[in-house]
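Student: I would like to learn how to read a single-chain model. Please take me through it feature by feature.

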Amino acid sequence: MTPERRDPSGKEALFSASGAVTPPAGDNGHHDGKEALFSMPAARLGTLVVECSACRVRSPLSLVELLARLAMISVWYPFRRYPHWMSCPSCRRHTWCRIGWMK
């Protein structure tokens, strides 16, 4: 019998080239998990962000989508932190929202 070689600290796995990870052949740039949860889509020309005061979610919308939401039942009350009473894109409730440009 040969003695089994053990590496309890895992240094061999960290510093050896034999365990190199290569991306799958069908990797098309779509990511799941943590990266998808905490990242926003790439900014496009005319993209706006709607922030809801109830759910605190920032949702990117195109200018056309925003105009369609504002054409429905909406109210604008200037000089407030959230000046637009409109349908939130994420929670679908009528709440006070803030509209800004995507950075």
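Tutor: We go from the overall layout to one strand, then to the core, the loops and the rings.
This is a predicted model, in which local features need pLDDT of at least 70, side-chain atom pairs count only at pLDDT 80 or more, and totals for chains, interfaces and linings use all residues. Residues are numbered from 1 along each chain as its sequence is written, and side-chain values use heavy atoms, with hydrogens and water left out.

Student: How many helices and strands does the chain have?

Tutor: Helices (H or I, at least four residues) and strands (E, at least two) are DSSP runs, numbered from the N terminus. Here there are 3 helices and 5 strands, in the order α-α-β-β-α-β-β-β from the N terminus.

Student: What share of the residues counts as buried?

Tutor: Buried means under 20% relative accessible area, exposed over 50%, and partly exposed in between, with a 1.4 Å probe and protein chains only. By that rule 19% of the 103 residues are buried. The chain has an accessible surface of about 8,700 Å² (Shrake-Rupley method, 1.4 Å probe), and carbon and sulfur atoms hold 60% of that surface.

Student: Which strands pair with strand 1?

Tutor: Two strands pair if DSSP finds at least two bridges between them. Strand 1 runs antiparallel to strand 2, with 5 bridges, and is also antiparallel to strand 5, again over 5 bridges. Glu51 has Arg58 of strand 2 as its bridge partner, while Cys52 is bridged to Cys97 in strand 5.

Student: Why does Thr47 count as buried?

Tutor: Thr47 counts as buried because its relative accessibility is 8%. A contact means heavy atoms within 4.5 Å. Leaving aside residues up to four places away in sequence, Thr47 touches Pro60, Leu61, Trp101 and Met102.

Student: Which residues make up the largest nonpolar core?

Tutor: In soluble globular proteins, nonpolar side chains tend to be buried together. A nonpolar core is a set of buried Ala, Val, Leu, Ile, Met, Phe, Trp, Tyr and Cys residues joined through side-chain atoms within 4.5 Å. The largest one here has 8 residues: Leu48, Val50, Cys52, Leu61, Leu66, Met86, Cys88 and Cys97. Strand 1 gives the most to this core, with 3 residues.

Student: Where does a positive phi occur in a residue other than glycine?

Tutor: Most residues other than glycine have a negative phi. Arg56 has a positive phi near 60° and belongs to the hairpin of strand 1 and strand 2, with 5 residues between the strands. Arg56 is exposed because its relative accessibility is 55%. Arg92 has a phi near 65° and sits in the loop between strand 4 (84-87) and strand 5 (94-101). Arg92 is exposed, at 59% relative accessible area.

Student: Which charged ends sit over rings?

Tutor: A charge sits over a ring if NZ of Lys or CZ of Arg is within 6 Å of the ring centre and within 35 degrees of the ring normal. Arg80 has its charged end over the ring of Trp96, 4.1 Å from the centre. Arg98 lies over the face of Tyr82, at 4.8 Å from the ring centre.
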